[in-house]
Amino acid sequence: MEILFENSHIAVCIKPVGLDSEQEAPQALKAILGGSFFPVHRLDKNVSGVMVYARTAAAAAALSKAIQDGSMVKEYVARVHGNPPSQGDWEDFLFKDSHKNKVFVVKTERKGVKKARLEFVRLTDEQPALVRIRLHTGRSHQIRVQFSSRGYPLVGDHKYGARDDSPAPMLFSCALTFPLFGQEMHFEALPEWASQ
């Protein structure tokens, strides 16, 4: 696991595909750095990218507050099938079917339905297209569902309609920006498949 930054309060790493972000990734950090690590946000097991873990209760509280008040900015890159618009700001209602572990776009708000919003820009014209996404809400499978529902499934995302040979969704948490104890922190990385 690659460590991008660490101090007495936090550790920022690139979580690899295949590690659960809430248990296995903190254990991997503990094996490398020692001490305890508290998850404050999550990434799907089959998605990799930049994550921050708290090392103290105070840091965990500060990071959780940043997530709740919207001052933590999460950005992603993805490769998608089809030809999405050059940019967009999408809002949908999402419903998670826990039995199937699958999320669906629905037309109206009802019990169990959550509002989801993201903005994106298309970075390339070639197929599959490379897009950079800013999440405004952190819903389960949000990026995957919002793109797939419009006919742009993520490469490798066989759960949501991709028909290709890629073993995992081409989705990567590429940037995190957040305040911590009066300081603005920013971390960024890109996977090989996103280099232009």
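Predicted model: local features only at pLDDT ≥ 70, side-chain atom pairs only at ≥ 80, totals over all residues.
Modeller: Local features here need pLDDT of at least 70 and side-chain atom pairs 80 or more, while totals for chains, interfaces and linings use all residues. Residues are numbered from 1 along each chain as its sequence is written, and side-chain values use heavy atoms, without hydrogens and water.

Biologist: What makes strand 10 largely enclosed?

Modeller: Buried means under 20% relative accessible area, exposed over 50%, partly exposed in between (1.4 Å probe, protein chains only). In strand 10 (residues 171–180), 9 of the 10 residues are buried, so the rest of the structure largely encloses it. Strands are DSSP runs of E, at least two residues; helices are runs of H or I, at least four; both are numbered from the N terminus.

Biologist: How do you know that strand 10 pairs with strand 5?

Modeller: Pairing requires at least two bridges found by DSSP. Strand 5 (residues 73–80) and strand 10 have 6, in the antiparallel sense, so they pair. Val77 stands opposite Phe172 there.

Biologist: What joins strand 4 to strand 10?

Modeller: 2 bridges join strand 4 (residues 48–54) to strand 10, and the two run parallel. Gly49 has Ser173 as its bridge partner.

Biologist: Which strand forms a hairpin with strand 10?

Modeller: Strand 11 does, with 2 residues between them. Phe181 in the turn has a positive phi of about 50°. The two strands run antiparallel, joined by 6 bridges.

Biologist: Why is the contact of Arg144 with Asp44 called a salt bridge?

Modeller: The term needs a side-chain nitrogen of Lys or Arg within 4 Å of a carboxyl oxygen of Asp or Glu. The closest N and O atoms of Arg144 and Asp44 are 2.9 Å apart, so the pair qualifies. Arg144 lies in helix 3 (residues 142–148) and Asp44 in the loop between strand 3 (38–39) and strand 4, so the pair ties together parts 100 residues apart in sequence.

Biologist: Are those two residues buried or exposed?

Modeller: Arg144 is buried at 4% relative accessible area. Asp44 is buried too, at 13%.

Biologist: What about Asp125 and Arg122: how far apart are the closest N and O atoms?

Modeller: They are 3.1 Å apart, in a salt bridge. Asp125 is exposed at 63%, whereas Arg122 is partly exposed at 22%. Elsewhere, salt bridges that share partners join Glu22, Arg42, Asp44, Arg144 and Asp157 into one network.
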